[in-house]
Amino acid sequence: MKYIFLAIAIVLTIAAFMTARMAPDLASEVPVIYWVTDTNPARQEQVRLFHQWMVDQGHYVEHVLQNEQEADAFFHRNRSTSIRRIIREVNPDAAALCDWADDRSVQVTFPQVVRLPQVELKLDMANADGTKKIIQGVSRVGGDIMDQYSGHDLRYFRAVGLNTDVTEAAHRLKFDLSTTYPAIEPELALRDANGELRQYQYPCNVNASMFFVNRATFRQHGQPLPPERMTIEEFERRGYEFVHAANAGRAKQTVFFLNNLEFEVLRRSYGGSRFNETGTAAILDEATVQAMRTQHKWMYEGRYRLMPNQADRSSFATESGYGGADAQLFSHDDPERGQYGLFWTGRYLLITFRQMNEARAARGLPPLDLGVIAPPYEKFLNTSIATRAAMVYSQSPHRDLATYFLAFLASKEYNEQIVKDGDALPPNPIYTETEAYRHPPEYPMEWDVHEPFARAAVDISIGGSYSHFILPSVAERIESTWRDRYHAGMETLEGAVARAQAEINEEIQRALAEDDRRDEPILRPLYNQLVERQRQIDALKERIQEHLAAGRPIPEEDKIPEAWIQNAFHIAYYRHLGWLKEVARSPSTQPITAVTAN
Amino acid sequence: MTLDTSTNQPGDAQSPFSGQKPEFPVMRPDYTQDAQALSKSARKRQRKNLAYGLGFLAPNILGFLAFTAIPLVIAMYMAFTNWDVGMHNNPERREPLRFVGLENFIRLIQMPQFWQYLGNTLFFMMGMPFSIAGSLFAAILLSKDLKGGSNRTWTILIAGAVLVASTLMLVAWGASGTAMAMLIAGLTGMILIGGTAGGTTVYRTLFYVPHFTAGVATYLLWKKLFVPDTGPIAAAVQPVLTSIEGVVRASPPAAVQSGFVICMLLGAALIFLGLGRLRRYWEDGEIGAAGVLLSAALLMVPVALVGRWYGFDLYAEDPATGSRSMDLGWGSIWLLGSTALILVYHILRALRADHEFVEKRQPWLGVGTGLMFAATVMVAVFVMIGLGPVFHNLPTWATTGDGLKTPAWLADVHWAKPSLMIMGFWGAIGSNNMLLYLAALTNVPQELYEAADIDGASRFQRFWSVTWPQLAPTTFFVVVMGVIGGLQGGFEMARVMTQGGPAGQTTTLAYFIYKEGFETGRLGFSSAVAWTLFLMVFVVTLFNWKFGNKYVND
Amino acid sequence: MSNIDPGPRLEQATQPSSVLPYGSELTSATVAETRRGKFVRSLTSTGMLHLLLTGMSLLMVLPFTWMVLTSLKPAGEVNDPDWFPSSFQWRNYLDVGDKDNPDPQRRGVDFGRFYWNSLFVAAWVTFLQVTTSAMAAFSFSRLQWPGRDKIFLMYLSTMMLPGLVMMIPNFQIMINLGWVNTFTGLIIPGAFSAFGTFLLRQFMLTIPSSIDEAAEIDGASKFRLFWDIILPLARPGLITLTIFTFMGNYNSFFWPLVMLRSEHKYTLPIGLMFFDSTRGQSTHLLMAAVTMSVIPMIILFVFLQKYLVRGIQLGAVKG
């Protein structure tokens, strides 16, 4: 047995040497930054565009190689496969030189001019887990550019000190908030202690959620196509007709009207939000109660229901990929296996639909016939908007170079690539007004679809509602736990709402108590200031109610100033109601106009 | 042989891991750690032993200290601070860590979700004895060396070949309607052939197959199996339920509900018999005062909980017809009352035992046996209490709505945990525990079996007196690792299959630590939760350590 | 070594066991047994045993079968409830390593390198862990020294804390040592585990102490006792630990994920993650990759498991 032991030891040592030798050569004179992102094949193309853009914008280092020795030294310094590829891509005129680098027998005339971008971008796609970003981030070895998903991440990462304030750079390099959708401002920027807006990220893409309509499914069950805007009452009426017709006589329901609807959108349409106007406390009022009751009705009540609940959902297959199983069920023609009439998602699902259309064409089926409609509403038409945004890691040794990447995201080349790719909406809204966006030549069946998404992102979308004093993930977890308990029958409706509100407020107070114990409290002064503001807002609201009761128009001085309100929902809602005293906006910013209910 | 009194042999009956029967000649030295009592040469030897001991330990313990012990101590200390990633790991500002004492623990205890998650964790642990038994059974089956070369092998081989051939033909002709059945037949055939030709090697590999794939693939598959109504498990169980429903509908409701009464009677009978056995242990001098009290307390846990589950409503009124019928409250009253009477009866009888005999024994004697016995009876009583309402409500369930239907498994609030336990049990059979038992079984000396045979032992006796004691060290390992794994586990399972739902029913403490810690950054609080896990495991292990040998030697 | 008499030895032969050396239940019957009766009984009991084992194996194997069948499906069929693919796509297994394929549904990853990395790390960790654990287990079980049991209890208790809480302090230590994004950082921390020590200690405890005494009489040093006597006797335990450690490390996902940043160092579980593409269904490739990744473990297991059971009979230690 000792021989086995020795043999294994020797084999392993040899293996160690082999592994060391097998490591690829990474020599390069250009600093490298890492982009921590998801496993989307389009990223490679975006990286290539970035390097090209850097050179086009003048952020490059130029080398004039006079003779063979200099060229040899240059290529020796830049040995890694990735930098060689970049040299080739970015210097089309020096193709011969690049060939010469690999095969010295190629003929080349000197001097040659070669440009290297100031920084090399590499992908880090093992990004399944937010935990990894946090652990590496706090240990000062995080990726230089990290993808963030909406305002949750923004606030969490800011709390841990991992993202960088890029406001000045944004103005200088032209990727400030005026170049993107106004509605996603809460997802990209935070107000500091003085009330000024500080920007931390820039969107890689933007997504407004709407309903896709499978027109073929509606026709299959003999139902009229739904209009683009509906009240909840109308929605329910059409919905129940749909499910009754589609499931007629079936013991177990397999066809549903819609697959899902974001709770926040529903609640906002009843005129409520999670927090009050200043984010100092949670106000789960009548709107929350009504939204939960409606959701419960759609999922659990009646012979045939509009929306599947968890048990129904697990009857369908489960897989990964965009949209997962729901997308499959939305798009096929077999009611026995499960079907949806409406699908709540963003424009990015077109990627999956395009693949499905290819498969359908191969089987001789016509492509999907899709339309887009807005979510139903009770008092206030709205939809949600989200973004995958990029931020610069605060401890990165190449912060300034990484900031160029954010500027790249606002560039024409990047936006056009997003438009062509169909991967949600481009960060800059003016690129949605192009023919390339609205009427992509290869996909004529999509021409009804692109424009409503873009319009929704500008017209009716509202960003998230946040509070300075509680992490969004904590608040969401509290609410969804109590919502689950209500749906499971373990709690009454009023009880669940009351408990959720109490718990959120407890958390807020706990954060404040913790802050009080610091030598220099940060949150408490802000809290006191905002509580005072809230009192003033409430006073104004009372006056407004008096005016309304008396049937008078609301005078200017009784309107609520926009600068006082932190909650994006209330800004949009009060504007819609005419209660808002607006801030004069700089001309380059597009105003949001909420559409009146019709 | 030396008469070195400072050594403690593994064969010493006082050591908890004695695996041999006392008839083997062993020494019974007194191992004392009191250095002063030893002579100088003994002390020198002790130092030399220490050198050897630490010398062999050195490579392991150095790495262990560096990579396990130090982070562990840090993490455990953090439970008493207000460690928050946002405040203390923030690269932009460093705040001083504040010691908060027991504040995290107090907040934890006050959180109702903590108790729910603790209950979930303990519930999952209840399946452990069955898992261990299952893996032991599998190991015993697989320890026989089945290699054959005689006629019957040929018979089996031919049968298998026929099966496989027919499967291939049908598949080739595209009869995919019965594809699943053919698949199963084909697989069975192939396994049979492999088993007879290759012997137990093949079976062992097949049993261990679930563990080759990383957990995620298995979890995804079980998610598919547990699909409600149309999934394979539901499809298999539904016919059984339908036939039960038929029977129930055909019988008068009172007859079915009498099952509830029977369950209650059986429950009381079990308590009577259980307490009686404990009393007899006491009278025979096999158990001490502390032991009998703890065991009796454990036995009566179900009685303590029955009021909460059944309520105390004596009558239920049917709103439609206004008629009154017996409700579950009778069960609570019956159980509580009868247990009180039973207790009084047994205590009186025990008090009439021989006083002198009683006073002489130490209180912790036999506590292991007593608790094991009491735990078994307790589970049985739980089963009775659980079945009672089932019988009681069966007529209603069978006649209203859709009748008896399979539940929504993972999505159903009441069935999520049992479904996961079923999956856990499947995984446990062909698991690492099975391998351990396989290896340990070969270490059992053949002579012991032959001796048992000579004595005319039955199969069960042979197992209980020879095999089981020899496996004691392995069982200790399996139980401790099982408790550790059970209390720490459920994390990957929850993440992939249920995300801790529905309504927090499948969130274990381990998953809670992860969610709370990395979602909010409050790792100090997470460490406090980890502490509670640690304490529970520690207590169980210590208990096993001290009292396990008593059980083995009983 | 002297012959230790372990107890009353049976000289008279019992009935020769049939093919079942493990305490054959057949032999406990009376001596007078007809040949045919014995044959029939052995036939039925073996046959039933086979059937029982087959049935249980079937249950164990079904998920694996689903995985292999799914790996042979064309991309669009992965979600279908039908287990059988409409056509067997053997090329999926080639696509797994094809990382430059323009077709997104057929694009793989740098599979060969990930495979090598995983095997390399797992082999080293197993080797180191078995070695150090065997020495430590020897110390805890065969040697006597003051404080031995208390330290062992401390070893045990370190396993009781969930690893998640120790993640950040652990990572800090790695950074201070400069082992982030290196293979050293993957191997060394994994090589020291209380689990291995615990396991081997329990195994070593089942070896009777008489052997130690005999060795001491013969004048063997502690090291010879360890190397020449105890280790071979503890072979089933060593084999078991090898299997456990190798498999555990081969499948470990979270620690390499946090530690590694260079793609050429990624291990297989991380690489498999790339198949869970957010664009289109690559589940068929994922299943093919998982099937291929399982092969080393099967080979290891099949090779080792016969050593597991063919342990040395204690009765053979004489002379």
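**Close-up views of a predicted three-chain model****Figure 1. A:Pro111 is found in the loop that runs between helix H5 (95-102) and strand S3 (112-117) of chain A.** Helices (H or I, at least four residues) and strands (E, at least two) are DSSP runs, numbered from the N terminus. The peptide bond that joins A:Phe110 and A:Pro111 is cis, with omega about -5°. The model is predicted: local features need pLDDT of at least 70, side-chain atom pairs count only at pLDDT 80 or more, and totals for chains, interfaces and linings use all residues. Residues are numbered from 1 along each chain as its sequence is written, chains are lettered from A and ligands numbered from 1 in the order in which they are written, and side-chain values use heavy atoms, with hydrogens and water left out.

**Figure 1. A:Lys174 has a positive phi, near 70°, in a residue other than glycine.** This lysine, A:Lys174, lies in the loop between helix H8 (167-173) and helix H9 (185-188) of chain A.

**Figure 2. A:Arg85 and A:Glu89 form a salt bridge.** The closest N and O atoms of the pair are 3.9 Å apart; a salt bridge is a side-chain nitrogen of Lys or Arg within 4 Å of a carboxyl oxygen of Asp or Glu. Because A:Arg85 and A:Glu89 are four residues apart in helix H4 (residues 81-90) of chain A, about one helical turn separates them. Over all chains, the whole structure holds 50 salt bridges.

**Figure 3. Chain C and chain B bury about 11300 Å² between them.** Buried area is the accessible area (1.4 Å probe) that two parts lose on being put together, summed over both. Carbon and sulfur atoms give 76% of this area. Helix H1 (residues 35-71) of chain C supplies 20 residues, the largest share of the side of chain C that touches chain B. The contact (heavy atoms within 4.5 Å) takes 111 residues from chain C and 117 residues from chain B. Between chain C and chain B, the count of salt bridges is zero.

**Figure 4. B:Trp334, in helix H14 of chain B, belongs to a nonpolar surface patch of about 560 Å².** Helix H11 (253-283) and helix H14 (329-351) of chain B each give two or more residues to the patch. Patches are made of residues with over 30% relative accessible area (Shrake-Rupley method, 1.4 Å probe, only the protein chains shown counting as cover) and no salt bridge, nonpolar side chains (Val, Leu, Ile, Met, Phe, Trp, Tyr) being joined within 5 Å and like charges within 9 Å.
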